[in-house]
Amino acid sequence: MKTVRVVAAIIIHDNRIFATQRGYGEFKNGWEFPGGKIEAGEAPEEALVREIKEELDTLIEVGELIDTVEYDYPAFHLSMDCFICRIIAGHLVLKEHKAAKWLTREQLDSVDWLPADLGLITKITEDYLCTSTTENH
């Protein structure tokens, strides 16, 4: 089975996570963390900065690698490096996605996540989002 290597940005701001809805392809309408394929010779962090600039016209700072998700879709194996990121400049302009939302911890299950991204929700909820706005994280 073919392996596809991709990166995903877990963008956190004000205790909310940025999620995007695919507007094209086999997984159209599914929700995911933004990112894309790693090109030959690129480090995962470089690929993520490039992808977010191309897809969302935003410059990010790539932080901690929180997980590498390995997931078997019917036609390929996905290997996805997932990084905590923060916005440096830009306004998250949707160039390829159908929609986007900032989700609180309580709203994370309100969208139909793609299977590979769904596996990250528990980790993000437990490790990166506060349970209330009064906690400091």
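**What I am working with**

I note that this is a predicted model, in which local features need pLDDT of at least 70 and side-chain atom pairs count only at pLDDT 80 or more, while totals for chains, interfaces and linings use all residues. Residues are numbered from 1 along each chain as its sequence is written, and side-chain values use heavy atoms, with hydrogens and water left out.

**Overall layout**

I found three helices and seven strands in the protein, taking helices (H or I, at least four residues) and strands (E, at least two) as DSSP runs numbered from the N terminus. Read from the N terminus on, the order of the elements is β-β-β-β-α-β-β-β-α-α. The radius of gyration is 14 Å, close to the 14 Å that the globule rule gives for 137 residues, so the protein is as compact as a globular protein of that length; this radius is taken over C-alpha atoms, and the rule is 2.2 Å times the number of residues to the power 0.38. Along its principal axes the C-alpha trace spans about 45 × 30 × 25 Å, and 45% of the 137 residues count as buried.

**Two loop residues**

I returned to Leu92, which sits in the loop between β6 and β7 (97-103) and has a phi near 50°, a positive value in a residue other than glycine. Asp14, in the loop between β1 and β2, has a phi near 50° and is likewise a residue other than glycine, but Asp14 is exposed, with a relative accessible area of 58%.

**The cores**

I then looked for nonpolar cores, each a set of buried Ala, Val, Leu, Ile, Met, Phe, Trp, Tyr and Cys residues joined through side-chain atoms within 4.5 Å. The largest has 28 residues, and those that touch the most other members are Ile10, Phe33, Met80, Cys82, Trp113, Leu120 and Ile124. At least two residues of this core come from each of β1, β2 (16-22), β5 (58-72), β6 and α3 (121-127). A second, separate core of 13 residues includes Val7, Ile11, Ile38 and Leu56. In soluble globular proteins, nonpolar side chains tend to be buried together.

For Trp113, leaving aside neighbours within four places in sequence, I listed contacts (heavy atoms within 4.5 Å) with Ala19, Trp31, Glu32, Phe33, Leu103, Leu108, Leu118 and Ile121.

Ala9 lies in strand β1 and counts as buried at 0% relative accessibility. Not counting residues up to four places away in sequence, Ala9 touches Phe33, Pro34, Leu48, Ile52, Ile60, Phe83 and Cys85. The C-alpha atoms of Ala9 and Leu48 are separated by 6.9 Å, although these residues are 39 residues apart along the chain.

**What the residues of one lining are**

My last entry concerns the lining of the largest pocket, whose residues divide into 13 nonpolar, two polar and nine charged. Here Ala, Val, Leu, Ile, Met, Phe, Trp, Tyr, Cys and Pro count as nonpolar, Asp, Glu, Lys and Arg as charged, and the others, Gly among them, as polar.

Note on methods
Buried means under 20% relative accessible area, exposed over 50%, partly exposed in between (1.4 Å probe, protein chains only).
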